[in-house]
Amino acid sequence: MLDRIKGGLFGVAIGDALGATTEFMSVDDVRRKYGKVTDIIGGGFLDLKPGEVTDDTAMTIAVARGIIRDPTCPIHDIGEEFLRWYETDPPDVGIIIRMVLRRYQGDWFAAAVQACEELGGRCAGNGSLMRCLPIALAYADQEKMEEITAVHSRMTHADERATEACLIYNRIAFRVLQGEPLAKAIRKEVEHTRYEPLLMVTPAYPPDGYVVHTMGWVLHWLLRCESFEDVVISAANMGGDSDTIAAIAGGLKGLEVGYSQLPKRFVETIGCADELEKLAVQLADVRSSFGSEAVQG
Ligand SMILES: [Mg+2]
């Protein structure tokens with residue numbers, strides 16, 4: 001279990017660090033400039049060092065820390081971690097999340113609704129989807145996992161398309177953590193949802209930050225690529241919101257294959273590896289203690 005949990009967290013960070021090189025580029029620009037990106041080389045619009053990560057990993061870490069501090073009722077602590085991260089003045093805060101963090105005055109859900117109104121209702125971004133995996137890692141109780149997944153999304157994204165994507169994503173993760181193959185888990189969870197066509201066809205929309213587009217591309221790469229390496233490299237070379245799409249896809253694929261099967265050249269490059277290892281152990285502890293409480297009733 002710990003190997004899978006570690007694989008999930010490192011999967012997010014590797015996808016993020018790899019995809020950051022090509023963020024906001026078109027697929028043609030990526031080809032012209034790099035041929036094909038196959039290693040974590042940094043650069044990109046944030047001018048990163050190789051192995052540096054962005055908001056996707058930072059907010060995933062924030063969610064993990066919040067859960068570890070108060071597993072029973074983590075929303076408050078997750079919010080505190082968001083604020084702590086924002087105070088470090090990161091260069092890459094998403095538009096929706098920045099607006100919410102600026103408007104927050106003690107009520108996350110009110111701040112999210114206000115930000116969404118000010119954005120003219122355009123708040124179905126991928127910013128909650130990119131950070132939601134630790135919830136599936138920490139809770140073996142499905143009801144609890146789903147409740148926290150949904151509420152955590154609404155803290156910043158007052159749009160049910162964001163909630164829906166987080167729920168589908170974490171339900172897939174839930175199945176994989178129980179040993180189901182990833183492709184099978186995806187098939188079961190996308191059935192009768194807006195994502196069902198992805199089982200048959202390639203997305204006809206850009207790989208951008210709209211959560212429905214992001215989720216579509218994530219599922220596309222997960223269904224069509226064999227290895228972890230293929231998943232994150234394919235997502236990275238599409239450009240667009242490449243770091244986030246590679247991070248979200250990398251999280252699920254990392255969960256399936258486990259940390260020990262991740263390519264060493266990627267793992268060894270990740271700058272925040274020590275922090276991720278520590279969090280994985282703590283999330284595994286939350287999972288086993290919550291699991292046994294649920295069994296005891
Ligand atoms: Mg990013």
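The structure is a predicted model, in which local features need pLDDT of at least 70, side-chain atom pairs count only at pLDDT 80 or more, and totals for chains, interfaces and linings use all residues. Residues are numbered from 1 along each chain as its sequence is written. Helices (H or I, at least four residues) and strands (E, at least two) are DSSP runs, numbered from the N terminus.

**Recorded binding site**

- An unreviewed UniProt entry lists T54, D55, D56, D241, D243 and T244 under "binding site". These residues gather at one spot, because no two of their C-alpha atoms are more than 12.1 Å apart although they span 191 residues in sequence.
- UniProt positions are given in the numbering used here, feature names are shortened, and annotations may be inferred rather than shown by experiment.
- D55 is in helix 3, which covers residues 55-69. D55 counts as buried because it has 25 C-beta neighbours inside 10 Å.
- A residue is buried if 20 or more other C-beta atoms lie within 10 Å of its own, exposed if 12 or fewer, and partly exposed in between, with C-beta atoms placed from the backbone.
- Not counting residues up to four places away in sequence, D55 touches P90, D92, V93 and G94. Two residues are in contact if their C-beta atoms, placed from the backbone, lie within 7 Å.
- D243 is in helix 13, residues 242-257. D243 also counts as buried, with 31 C-beta neighbours inside 10 Å.
- With residues up to four places away in sequence left out, D243 touches D16, G19, A20, E23, T54 and D56.

**Helix 6**

- Helix 6 runs over residues 108-118, and W108, A111, A112, A115 and C116 are buried in it. These residues are on the same side of helix 6, because they cover an arc of only 135 degrees around the axis. The arc is that of the directions from the helix axis to the C-beta atoms.
- E117 and E118 are exposed on the other side of helix 6.
- Helix 4 (75-87), helix 5 (95-103) and helix 8 (142-154) are what the buried residues of helix 6 pack against.

**Helix 10**

- In helix 10 (residues 182-190), the buried residues are A185, I186, E189 and V190. They line one face of helix 10, because seen down its axis they fall within an arc of 115 degrees.
- K184 and K188 are exposed on the other side of helix 10.
- The cover over the buried residues of helix 10 includes helix 9 (160-177) and helix 11 (211-224).
- H192 follows helix 10 and has a positive phi, near 65 degrees.

**Helix pairs**

- Helix 12 (residues 228-236) packs with helix 13 at an angle of about 170 degrees, and their axes are 8 Å apart. Helix 12 is therefore roughly antiparallel to helix 13.
- Axes are lines fitted to C-alpha atoms, for helices over the stretch in contact, and angles run from 0 to 180 degrees between N-to-C directions. Angles under 35 degrees count as roughly parallel, over 145 as roughly antiparallel, 65 to 115 as roughly perpendicular and the rest as oblique.
- Helix 1 (residues 2-19) and helix 3 pack at about 155 degrees, with axes 8 Å apart. This makes helix 1 roughly antiparallel to helix 3.
- V12, A13 and D16 of helix 1 meet D56, T57 and T60 of helix 3. By class, this contact has two nonpolar, two polar and two charged residues.
- Ala, Val, Leu, Ile, Met, Phe, Trp, Tyr, Cys and Pro count as nonpolar, Asp, Glu, Lys and Arg as charged, and the others, Gly among them, as polar.

**Two loop residues**

- R131 lies in the loop between helix 6 and helix 7 (133-138). R131 counts as buried, because 31 C-beta neighbours lie inside 10 Å.
- R131 and V12 are 119 residues apart in sequence, with their C-alpha atoms 8.8 Å apart in space. Leaving aside neighbours within four places in sequence, R131 is in contact with M59, T60 and V63.
- M200 lies in the loop between helix 10 and helix 11. M200 counts as exposed, because it has 7 C-beta neighbours inside 10 Å.
- The C-alpha atoms of M200 and N126 are separated by 23 Å, and the two residues are 74 residues apart along the chain.
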